[in-house]
Amino acid sequence: MSINIPRGTQDILPGVVEEWQYVEQKMREMCKRYNYSEIRTPIFEQTELFQRGVGETTDIVQKEMYTFEDRGGRSMTLRPEGTAPTVRSFVENKMYGSPNQPTKLFYIGPMFRYERPQAGRWRQFIQFGVEALGSSDPAIDAEVIALAMDIYRELGLKRLKLVINSLGDIESRKAHREALMNHFKPRIGEFCGDCQNRLEKNPMRILDCKKDRDHELIKSAPSILDYLNDESRVFFEKVKTYLTDIGIEFQVDPNLVRGLDYYNHTAFEIMSDAEGFGAITTLMGGGRYNGLVEEIGGPATPGIGFALSIERLLLALKAENISLPIAQELDCYLIALGDQAKDKATSLLYELRKAGFTAEKDYQDRKLKAQFKTADRLNVKFVAVLGEDELVKNVINIKDMSTGTQEEVGISNFIEYLLERS
Ligand code: HAM
């Protein structure tokens with residue numbers, strides 16, 4: 001029986017991995033510009049972190065986690081997202097004690113969710129995310145959203161739609177929750193089993209149900225925006241003003257509730273409306289989570305962040321026909337003909353690389369013509385040929401592949417010659 005890659009995962013092969021490296025590089029550059037530093041946390045954590053952090057009633061915790069018992073009998077889970085681990089690390093490393101607040105962090109790494117695979121939905125995917133901990137200034141909400149928009153725009157995406165909402169503070173949420181329960185309770189029998197469970201535990205999630213999204217009661221449900229207390233309303237107004245001030249367009253959607261439990265105040269998603277992007281239109285999601293640090297055992301600390309997957313980003317680039325400027329080239333390909341030349345080529349190749357050139361030689365004993373073909377495929381700038389004749393004369397024949405010109409150069413001047421021309 002053959003062994004295949006697990007469902008919902010992918011190999012990222014040479015030729016494509018360069019696209020991943022390119023976008024990851026852009027993300028790192030942009031984080032530097034916005035003063036976010038990288039954090040790397042483990043790929044698995046204690047299961048309890050996600051049960052408490054992401055929330056018991058969420059789809060992630062109820063049906064999507066890769067949970068296993070380790071050999072010591074402890075329940076561990078492959079991380080389904082990066083916020084709870086980042087907050088765990090923030091608390092454990094007492095980052096709240098640092099004089100540099102807010103603590104601004106970013107991560108790039110694999111996340112795992114046992115979901116039904118489809119375009120843009122994988123069981124292992126790479127999330128890039130940022131988290132700003134320690135500030136309840138609405139300006140940081142705008143900053144985090146601007147950072148995400150800047151990354152997408154920098155890569156050339158145009159068909160972007162930013163949707164925002166406010167989920168309010170605890171008091172606003174409580175009032176809204178009651179209104180939702182009264183709204184749905186009399187006819188909850190018309191909803192799916194998941195929604196029936198959500199009624200008592202987290203009725204807001206009914207608004208996010210994929211099965212019942214066209215039900216008339218969802219469209220007529222009380223809006224959280226009508227239940228925001230003064231403080232929450234002022235906060236949301238500020239976020240909107242800051243976004244407008246920096247020229248970021250948005251739509252307010254009172255039904256945007258997000259699938260994780262930790263959110264309050266600002267919630268947002270960026271969608272792609274490019275044709276061909278597919279059924280899942282969400283590119284990234286995030287929001288404020290002012291109670292999460294406390295939930296995970298730290299001092300009361302506000303937080304906000306977002307995460308996006310590189311898989312969906314690359315899908316959106318394809319849908320908008322954007323090709324990334326990835327040049328695959330090699331400085332020099334060394335062709336050696338004859339045993340003595342081959343011996344010499346081994347040390348010359350080493351010297352080339354030591355001088356900083358990207359360089360390659362043949363290892364398959366191919367004929368001259370085949371070696372030139374390989375050099376062509378590798379998109380090399382110079383081909384250097386060392387045959388028996390050249391060896392006798394102590395020279396090497398260098399062909400500039402862009403102009404087609406050839407020159408014989410003394411072997412001892414070989415590196416210098418290339419340095420002058422690069
Ligand atoms: P999330 O909405 O669950 O939020 O995921 C954020 C993003 O991760 C999605 O918008 C999408 O780009 C990507 N994503 C999620 N699931 C998959 C999948 N199965 N395949 C491919 N891509 C996927 C969070 O994870 C929060 N931790 C975001 C956050 C950070 N909130 C505050 N800080």
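Which strand supplies the largest share of the shell around the ligand? I found that β10 does, with 6 residues.

**Entry 1: basis.** I worked on a predicted model, in which local features need pLDDT of at least 70 and side-chain atom pairs count only at pLDDT 80 or more, while totals for chains, interfaces and linings use all residues. Residues are numbered from 1 along each chain as its sequence is written, and side-chain values use heavy atoms, with hydrogens and water left out.

**Entry 2: ligand shell.** I listed 27 residues around the ligand, a residue being near when one of its heavy atoms lies within 4 Å. The closest are E81, T83, E115, Y263 and L283. I sorted the shell into 11 nonpolar, 9 polar and 7 charged residues; here Ala, Val, Leu, Ile, Met, Phe, Trp, Tyr, Cys and Pro are nonpolar, Asp, Glu, Lys and Arg charged, and the others, Gly among them, polar. At least two shell residues come from each of β6 (124-133), β10 (282-288) and β11 (303-309). Strands (E, at least two residues) and helices (H or I, at least four) are DSSP runs numbered from the N terminus.

**Entry 3: polar contacts.** I looked up pairs of N or O atoms within 3.5 Å. The side chain of E81 places an N or O atom 2.6 Å from a nitrogen atom of the ligand. For R258, a side-chain N or O atom is 2.9 Å from a ligand oxygen atom. G305 contributes a backbone N or O atom, 3.4 Å from a ligand nitrogen atom. The protein covers 96% of the 660 Å² of accessible area that the ligand has on its own (Shrake-Rupley method, 1.4 Å probe).

**Entry 4: eight-stranded sheet.** I traced an open, mixed sheet of 8 strands in the order β1-β5-β6-β11-β10-β9-β7-β8, where pairing requires at least two DSSP bridges. β1 runs parallel to β5 (103-112), joined by 2 bridges; E38 has F106 as its bridge partner in β5. Helix α1 (17-33) lies across β1, β5, β6 and β11, at about 160 degrees to β5. Such angles run from 0 to 180 degrees between N-to-C directions, with axes fitted to C-alpha atoms, for helices over the stretch in contact; contact means heavy atoms within 4.5 Å.

**Entry 5: five-stranded sheet.** I also traced an open, mixed sheet of 5 strands in the order β13-β12-β14-β15-β16. Its edge strands are β13 (359-361) and β16 (406-410).

Key
A polar contact is a pair of N or O atoms within 3.5 Å; within protein, one must be able to donate a hydrogen and the other to accept it, and residues adjacent in sequence count only if both atoms are side-chain atoms.
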